[in-house]
Amino acid sequence: MELRFLPPESRYLDEASAELCACTIWKDERPVRGFAGTLDWRLGGRLSALLKSGFVRGDLGEMLLVPGKPHVPFEKVLVVGLGARGEFDDGAFRQAVLRIARALEGMRVRRAVVELPGRATEAIDPERAVTLTIDCLGASSEHDAWWLVEGGAAQKLMQPRLRSRRTASPPGG
């Protein structure tokens, strides 16, 4: 699987060639921020309305699939709950990444734009996030590519770990 980057600004969404995007939300943070906030804006407040109604809360492990098009270039938007921000740790990060990966596998989605859990609010540093993501996904043949939603500074911090992964991977892995 290949990990690439997509800047978090709204204008770059239309450049991604993926069927689905995944964003994360906290149980105790309103309004939503990060990629979820960008998507909410592009979706005309749909995520905010679902949160306000209580249909989705942001509990750890909670997932919701909403239609994306025509407001965003993705057929589907996967919203993943992270729980309370103060309880977020490596275990919650791993759980969220694995839930995203399993959901994509179940839907047979091979290319997705993904906001890594906790990255939008700096709840986890970039190097740790990419290391845990690589550990969780391994050399999965179920995914072709994930575009990680990250700004330029975080991309630079993550690049060395991605380069070392490529050189350590066996051919075709």
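What radius of gyration would a compact globule with 173 residues have, and what does the protein chain have? Hi everyone, let's start there. The rule gives a value near 16 Å, and the protein chain has 15 Å, which agrees. For the record, this radius is taken over C-alpha atoms, and the globule rule is 2.2 Å times the number of residues to the power 0.38.

A word on ground rules. This is a predicted model, where local features need pLDDT of at least 70 and side-chain atom pairs count only at pLDDT 80 or more, while totals for chains, interfaces and linings use all residues. Residues are numbered from 1 along each chain as its sequence is written, and side-chain values use heavy atoms, with hydrogens and water left out.

So, confidence. pLDDT is the predictor's confidence in each residue, from 0 to 100. The protein chain averages 91, and 94% of the residues score at least 70. Please be careful with residues 169-173, though: the pLDDT there is below 50, and beyond near neighbours in sequence this stretch has two contacts in the model. Contact here means heavy atoms within 4.5 Å.

Now the fold. You are looking at five helices and six strands, and from the N terminus on they run β-β-α-α-β-β-α-β-α-β-α. Both kinds are DSSP runs numbered from the N terminus, with helices being H or I of at least four residues and strands E of at least two. Along the principal axes, the C-alpha atoms fill a box of roughly 50 × 35 × 30 Å. Of the contacts with a separation of 6 or more, 74% come from residues 24 or more positions apart.

Buried residues make up 49% of the 173; buried means under 20% relative accessible area, exposed over 50%, and partly exposed in between, with a 1.4 Å probe and protein chains only. The chain exposes about 8200 Å², and carbon and sulfur atoms supply 50% of that. Those areas come from the Shrake-Rupley method with a 1.4 Å probe, and for residues only the protein chains shown count as cover.

Let's zoom in on some loops. Is A16, at 10% relative accessibility, buried or exposed? A16 counts as buried, because its relative accessibility is 10%. A16 sits in the loop between strand 1 (2-6) and strand 2 (20-25). Leaving aside neighbours within four places in sequence, A16 touches L6, F74 and V113. F74 is 58 residues away along the chain, yet the C-alpha atoms of A16 and F74 are separated by 8.7 Å.

Next, two cis peptide bonds. One runs from R30 to P31, with omega near -5 degrees, and P31 lies in the loop between strand 2 and helix 1 (34-42). Another joins K69 and P70, with omega about 10 degrees; P70 lies in the loop between strand 3 (63-67) and strand 4 (76-81).

Finally, positive phi outside glycine. R108 has phi near 60 degrees, in the loop between helix 3 (90-106) and strand 5 (111-114), and R108 counts as exposed at 70% relative accessibility. E122 has a phi of about 60 degrees, in the loop between strand 5 and helix 4 (126-137), and E122 is exposed, with a relative accessible area of 54%. Thanks, everyone!
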